[in-house]
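I opened this notebook page to record what I looked up about charged side-chain pairs. The entries follow the model shown here.

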Amino acid sequence: MANNNERANAADALFVKVDPPSSHSSYKRSPPSNVLGEQIRVVSGCAANILSSIGIIFLNKYIFSHCQIKTMTLTAIQMAFTTLGLIICLKMNTFVRKSVPLMKVLPLAIAFCAFVVFTNLSLEHNTIGTYQLFKVLTTPVVALISWQYYKTKYSRMVIATLIPVVIGVCTHSVNDIKLSIFGTVIAAIGVIAASLYQVWVGERLKELDMNSQQLLFYQAPLSAILLVPCILLMESFPSYKTSKEQQAAFLAVVASGIVAFVVNLSVYWVIKNTSALTYNMIGHMKTVSILVGGFVLFQDNLNFKQFLGILLTLFGLFAYTFVKMGEQNQLPCKRWNTNPTNSIV
């Protein structure tokens, strides 16, 4: 059960993306109605991402357990569904196609494929605990890349809120850590690829002045095509004994493709409207939601260590939200709002 959950989480991580770096260039207080409307819009987008991501986890878990379809194959299929959905949206005039050089999008697609391949290799060649440990490292690595190479500024309070989140996730998710040279190398490459992909999504959205649909319109088909050689080398195709099994697999894959379309769009939207670091925090919230949901709905075991880790993670998440809202002058009490320009690093 635990192993299946981790593999499902790995599939969920494939959609993982992060927001464009934000700056502290403006902290003027917006009219209350505008602030409330913006908050509702952001919360709705984040909620759509969380719900669809949790849905894709359970769909992927079913497919991996019953349909003989591997992760990279499923990811390529889901990116193909995303491409088809975007073509339909284009025909319905929900967005305007914007021409960009493919070389601008190709590094993004390569980073995505490297993320998918090395994340799955890490899960295959490392223990679950080691896999989770490196997965958690994505949060500080994203912050480091954004700060070092893209001049994103973080206040000391924001950095401080990362500590209980990382410790909490390690506490409730990381067990049986065993390091090997090969396993460590591929896990580290997976972390770097995931972090670069998440940061680059935000940078490309800003640099090319594109919305989520416009950028995903190019990245999704490129990623699907680039994954094909990896699938042929590393995965096998399913074989079904009865037509009933084949039909069930077909319906499950179609359902996952539709939900993946929603996940990918919401990920890009959240990335564009918040930040890479914020999206990482949302990812940790999804992990906690799955653990708590399993305990409440399915009576999964939840020991004291996991309970303590969940509390630490939630404390860090709420602290991060409180600090970010205070820095943007969006808290209801004016005394709680702060200008971070005096304490940025």
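I took helices as DSSP runs of H or I with at least four residues, numbered from the N terminus. I worked on a predicted model, in which local features need pLDDT of at least 70, side-chain atom pairs count only at pLDDT 80 or more, and totals for chains, interfaces and linings use all residues. Residues are numbered from 1 along each chain as its sequence is written, and side-chain values use heavy atoms, with hydrogens and water left out.

Entry 1, salt bridges. I counted a salt bridge where a side-chain nitrogen of Lys or Arg lies within 4 Å of a carboxyl oxygen of Asp or Glu. By this rule I found three salt bridges.

I found E207 paired with K104 in a salt bridge of 2.9 Å, N to O. E207 lies in helix α8 (residues 181–207) and K104 in helix α4 (residues 102–125), so the pair ties together parts 103 residues apart in sequence.

I used relative accessible area with a 1.4 Å probe and protein chains only: buried is under 20%, exposed over 50%, partly exposed in between. R204 is buried at 14%. Through shared partners, salt bridges join K104, R204 and E207 into one network. E207 is partly exposed at 42%, and K104 is partly exposed at 33%.

Technical notes. Helix = DSSP H or I, 4+ residues; strand = E, 2+ residues; numbered from the N terminus.
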